[in-house]
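Hello,

Here is the structure I promised to pass on. Could you have a look at it and then read my notes below?

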Amino acid sequence: MYEGIAFFDLDGTLLDGKSQITPEISEAMSQLKQNNILPIIATGRNEREIQKIKQAANVSSCITMNGMLVKVEETIVEANEIDSNDCATMLDFARELKDELAFHSTNQLFISGVNDYVRKSYNFFHLDLPPVHPTAYHEYVTHMILVLSEGNDSIYREAFPKYTFYRNGPLCIDVVNKGISKGTGVQSIKNYLQLQEIPTFAFGDGINDLDLLDACDHKIAMGNALPEVMERADYITDKNTNGGIIKALKHYDLI
């Protein structure tokens, strides 16, 4: 039986500077499981984007798309959708602002078009450009939208108050249903596993990790985390590029 659950953000947290899982991190995840601590990925990415990461880390359960889809092993324990009409409305709105969108489904990812912001955004995360399919929301269930934009955050928030907009990089904003977060994903997993009493650990660095930290007993900020995340944390470890995860896991005697 598990004696704890550890939730890990990816970019700026579990991944290195090249968005990869290092051998040291892979070994640490294996040690966690040997010590009856369940490691779970908690990310804004979708399943398609993290398959290789999950394999490299040997982690099979995940909160993806900022809580919009939650899986334990291969079982989907929570799935939230974005209305297709809202996808169409937001796309029209984005194009008025010279922005583009990405539509995230469970295992599919499409972009509405390509411009400099789009290219720079995917390069920033060391990702290949997804295929262009501006009406993908008609064919696939959309669990999250990505606004590919350098700014305009407040404009989108005012225009679409039923959604939460997380700035997750210099050129992109994650869009999810209001009230859904990595934190709600934590509760879904605890409910599914019927493990309400065991300790939980959250590791993160960005704005979309605040709810993750709030949902867990032990809140760990990376040394490269935003000031807001550090303020919320119980413990600040080193940077993700300088062994921060390993140092934090040892600090809490998890490995």
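Phe103 has Ile145 in E8 as its bridge partner. The strands around this pair, E6 (residues 100-104) and E8 (residues 144-148), run antiparallel and share five bridges; strands are DSSP runs of E with at least two residues, helices runs of H or I with at least four, both numbered from the N terminus, and two strands count as paired if DSSP finds at least two bridges between them.

A word on the source: this is a predicted model, where local features need pLDDT of at least 70 and side-chain atom pairs pLDDT 80 or more, while totals for chains, interfaces and linings use all residues. Residues are numbered from 1 along each chain as its sequence is written, and side-chain values use heavy atoms, without hydrogens and water.

E6 and E8 belong to an open, antiparallel sheet of five strands, in the order E7-E6-E8-E10-E9. Strands E7 (109-111) and E9 (163-169) each have a single partner, so one side of each lacks a neighbour in the sheet. From one strand to the next, the twist averages 25 degrees. Helix H4 (residues 84-96) packs on the sheet and touches E6, E8, E9 and E10 (172-177), a contact being heavy atoms within 4.5 Å. The direction of H4 makes about 155 degrees with that of E6 (axes are lines fitted to C-alpha atoms, for helices over the stretch in contact, with angles from 0 to 180 degrees between N-to-C directions).

Overall, the chain has 10 helices and 13 strands. Its C-alpha atoms fill a box of roughly 50 × 35 × 30 Å along the principal axes.

Best wishes
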